[in-house]
Amino acid sequence: RNRGVEINAVSLMTTHYHLIVTPTSDGALAKTMQGIGISHTRYFNRKYGRTGTLWNEPYDGALLLDERYWYNCVRYVDLNAFRAHIVATPEEWRWSSYRFHALGEPCDWLTPHPLYTRLGATARARQQAYRALCALALTDDEINEQRHPPRLAAPQLPAGASPATRSSRPEFRLRVHPPRPSQRPRPPPPAPRSPPPAGLPA
């Protein structure tokens, strides 16, 4: 939030991650994603002894313009690991917002979206409604819509469009590409020189 972006849903996978976010100021989304990319690349390079860039290309973004698409997006994001058969049940995957939405697990950096809070008058009712929503499998067409969303031309609303919340703030679903397969490791330090034979100059 201190960067001007609310995170509404997240899923960290083994090769990529998904976010649903709501920028609260102009330019905040681009600056936030740039900051995440730089800081994570520095951390990754330092930990694994490599140099160079990490991500294949800039993130993909889809503008969420209606309620139906928003609910499909949050289900797609929260059920990503379950749908990929990495876990047997959605709540087993710790690195998503499913347990925040479906079980009420606390998370101080996630912001409940207005469409989520609309699911029920109490936290228990919202969680129950969300579990029921996630029990409905996405259709093939809905999954295809998630995998091939309209490309994001600019982080702003088209003229006359209304975002899912009917507010002036657009929401986005982001997908960050996997790391480059060809990583450049740091070169090993030069081997120490052997001392010259006796009687020869160094």
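Are Tyr98 and Tyr130 buried or exposed? Both Tyr98 and Tyr130 are buried, where buried means under 20% relative accessible area, exposed means over 50%, and partly exposed lies in between, for a 1.4 Å probe and protein chains only. The model is a predicted one, in which local features need pLDDT of at least 70 and side-chain atom pairs count only at pLDDT 80 or more, while totals for chains, interfaces and linings use all residues. Residues are numbered from 1 along each chain as its sequence is written, and side-chain values use heavy atoms, with hydrogens and water left out.

The chain as a whole may be considered before its parts. The chain contains seven helices and six strands; helices (H or I, at least four residues) and strands (E, at least two) are DSSP runs, numbered from the N terminus. Read from the N terminus on, the order of the elements is β-β-α-β-β-α-α-α-α-α-α-β-β. Of the 202 residues of the chain, 40% count as buried. A contact means heavy atoms within 4.5 Å. Among contacts between residues at least 6 apart in sequence, 70% join residues at least 24 apart.

Strand S1 covers residues 5-12 and is mostly covered, with six of its eight residues buried. S1 pairs with strand S2 (residues 17-23) in the antiparallel sense over seven bridges; two strands pair if DSSP finds at least two bridges between them. Four residues lie between S1 and S2 in the hairpin that they form. Within this pairing, Val5 stands opposite Pro23 in S2.

Helix H1 is the next topic. Thr41 has its place in helix H1 and is buried, with a relative accessible area of 12%. Not counting residues up to four places away in sequence, Thr41 touches Gly52, Leu54 and Trp55.

Rings of Phe, Tyr and Trp (its six-membered ring) pair if their centres lie within 6.5 Å; planes under 30 degrees apart count as stacked, over 60 as edge-to-face and the rest as tilted. By this rule the count comes to five aromatic pairs. In one of them, the ring centres of Phe44 and Tyr48 are 4.7 Å apart and the planes stand at 45°, so the pair is tilted. Phe44 and Tyr48 are separated by about one helical turn, because they are four residues apart in helix H1 (residues 28-48). Phe44 is buried, with a relative accessible area of 16%. Tyr98 and Tyr130 also form a tilted aromatic pair, at 6.2 Å centre to centre and 50° between the planes. This pair links distant parts of the chain, since Tyr98 lies in helix H4 (residues 98-103) and Tyr130 in helix H6 (residues 123-134), 32 residues apart. Tyr98, Tyr116 and Tyr130 form one aromatic cluster.

Two packed helices are described by the angle between their axes and the distance between the axes. Axes are lines fitted to C-alpha atoms, for helices over the stretch in contact, and angles run from 0 to 180 degrees between N-to-C directions. Helix H2 (residues 67-78) packs with helix H7 (residues 140-147) at an angle of about 85°, and their axes are 10 Å apart. H2 is therefore roughly perpendicular to H7, given that angles under 35 degrees count as roughly parallel, over 145 as roughly antiparallel, 65 to 115 as roughly perpendicular and the rest as oblique. H2 contributes Arg68, Tyr69, Asn72, Cys73 and Tyr76 to the contact, and H7 contributes Glu142, Ile143, Glu145, Gln146 and Arg147.
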